[in-house]
Amino acid sequence: MNVTESRFKNRQLHIEDYLQMVSAEQKEYAEVFDYSKIAEKSGVITDYWMNNLLELILRKDNLNKAYRQVKKNKGKGGIDGMQVDELLPYLRENQETLIQKIREGKYKPNPVRRVEIPKEAKGEFRKLGVPTVVDRVIQQAIAQELSPIYEEQFSENSFGFRPKRGAHDALRQCQKNVNDGYVYVVDMDLEKFFDTVSQSKLIEVLSRTIKDGRVISLIHKYLNVGVIAKGIFEHTEEGVPQGGPLSPLLSNVMLNELDKELEHRGHRFVRYADDCMIFCKSKRSAERTLKNIIPFIEGKLFLKVNRKKTKVDHISKVKYLGYTFYRCKGKCRFRVHPKSVEKMKNKIRETTDRNKGISNEVREKKY
């Protein structure tokens, strides 16, 4: 299991919170669990906490932290109409019942509210699923505990939805690869990734690390909770609902399988969420790489490669994360892509349009 000892030794700090929440039988077991005697057996600590992960998720300090993050993120409510500002009084009144239902496996998440965001391509939309504010807190609490565990498994070449990493870090890694002579790329496009993830494959991958079946069951409920679109309920038997706090982490867990395979084959690559570029030294090598990696992506991960949008090209002809690449004095540089510039200009035109019936104060804030 690819998890360091230090993370689980630090759980001693939370043992008092844990003892306050567990049942009498679990409490008796936990109290005799002497960390000082088994410190040299880190595997025992790791296994214990991995088997009791739900109790860590339901710690009061973790739930309070999750609430604060959801409140900070704001956002509209889900299908029940509850807004973020109404969350605190609801949790104060119902937290014990909520925690007990989750612990007993009786909690049922609400379907998500479907929202469609226009993409750059005309007529295309990104489908988001907005969970209720209560479900956002629970998802956030799960993500807070799982994220540090999986961070130690994730690739150094993965940059999306990760702490202290971002698009500029991904671009700098691209720059390094190009300066090292890897000037041809496989610009990979996974077709409707978030909508087509195999839930059974994702659960299988999660189960390799998470040994607490209650956590796996809760995540599975969130995966196939269903959506309400235009007042009609739709089942979600595949895909990861994009829009909740848990979906970015789950997408990285799934695509980490691709990262590991690319590393095993010795490839240089950069991945930001589902946007992946594989770097090669020649066009022929890049074409061969694409041909050889497709069977793994489609046959092992059950994802779909968009063959129309996936291409092999020189780095100078590729748009990545809103940027384009060029050479200056023998070194790779990048600049904002013309399409990104035009998109920004359009937003500014829209914001400063005087025909819009908004006050100057609101306009300034948007600007």
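The paragraphs below walk through the predicted model, from the whole chain down to single residues.

The model is predicted, and local features are described only at pLDDT of at least 70, side-chain atom pairs only at pLDDT 80 or more, while totals for chains, interfaces and linings use all residues. Residues are numbered from 1 along each chain as its sequence is written, and side-chain values use heavy atoms, with hydrogens and water left out.

The protein chain contains 17 helices and 11 strands; helices (H or I, at least four residues) and strands (E, at least two) are DSSP runs, numbered from the N terminus. Of the 367 residues in the protein chain, 45% are buried. Here buried means under 20% relative accessible area, exposed means over 50%, and partly exposed lies in between (1.4 Å probe, protein chains only). The accessible surface of the protein chain is about 20300 Å², and carbon and sulfur atoms hold 49% of this area. Accessible areas were computed by the Shrake-Rupley method with a 1.4 Å probe, and for residues only the protein chains shown count as cover. Among contacts with a separation of 6 or more in the protein chain, 70% link residues 24 or more positions apart; a contact means heavy atoms within 4.5 Å.

The interior comes next. A nonpolar core is a set of buried Ala, Val, Leu, Ile, Met, Phe, Trp, Tyr and Cys residues joined through side-chain atoms within 4.5 Å. The largest such core has 68 residues, and Met188, Leu206 and Ile219 have the most contacts inside it. Helix H9 (residues 133–151) gives this core its largest share, 10 residues. Another core lies apart from the largest one; it has 16 residues, including Cys174, Val270, Val318 and Tyr320.

The strands can now be placed in sheets. Two strands pair if DSSP finds at least two bridges between them. Four strands form an open sheet in the order S2-S1-S4-S5, with mixed pairing. Strand S2 (125–130) and strand S5 (232–234) are the edge strands, each pairing on one side only. From one strand to the next, the twist averages 40°, where axes are lines fitted to C-alpha atoms (for helices over the stretch in contact) and angles run from 0 to 180 degrees between N-to-C directions. Within this sheet order, strand S1 (residues 112–118) and strand S4 (residues 227–229) are parallel and share two bridges. Arg113 has Ile228 in S4 as its bridge partner. In a regular strand, side chains alternate between the two faces of the sheet.

Strand S6 (residues 268–272) and strand S7 (residues 275–280) run antiparallel and are joined by five bridges. Arg268 stands opposite Phe279 in S7. Two residues sit between the strands of this hairpin, where Ala273 takes a positive phi near 55°. Both Arg268 and Phe279 also touch Asn177, as do Tyr182, Phe269 and Val270, when residues up to four places away in sequence are not counted. Asn177 belongs to helix H10 (residues 167–179) and counts as buried because its relative accessible area is 1%.

Several loop residues are also worth a look. Leu321 is in the loop between strand S9 (319–320) and strand S10 (323–328), and has a positive phi of about 55° although it is not a glycine. With a relative accessible area of 24%, Leu321 is partly exposed. Lys329, in the loop between S10 and strand S11 (331–336), likewise has a positive phi, near 55°, and is a residue other than glycine. Lys329 counts as exposed because its relative accessibility is 82%.

Asn306 is found in the loop between helix H15 (283–299) and strand S8 (311–314). Is Asn306 buried or exposed? Its relative accessible area is 13%, so Asn306 is buried. Leaving aside neighbours within four places in sequence, Asn306 is in contact with Asp189 and Glu191.

Finally, Lys365 lies in helix H17 (residues 360–366) and is exposed, with a relative accessible area of 77%. The C-alpha atoms of Lys365 and Thr351 are separated by 9.7 Å, and the two residues are 14 residues apart along the chain.
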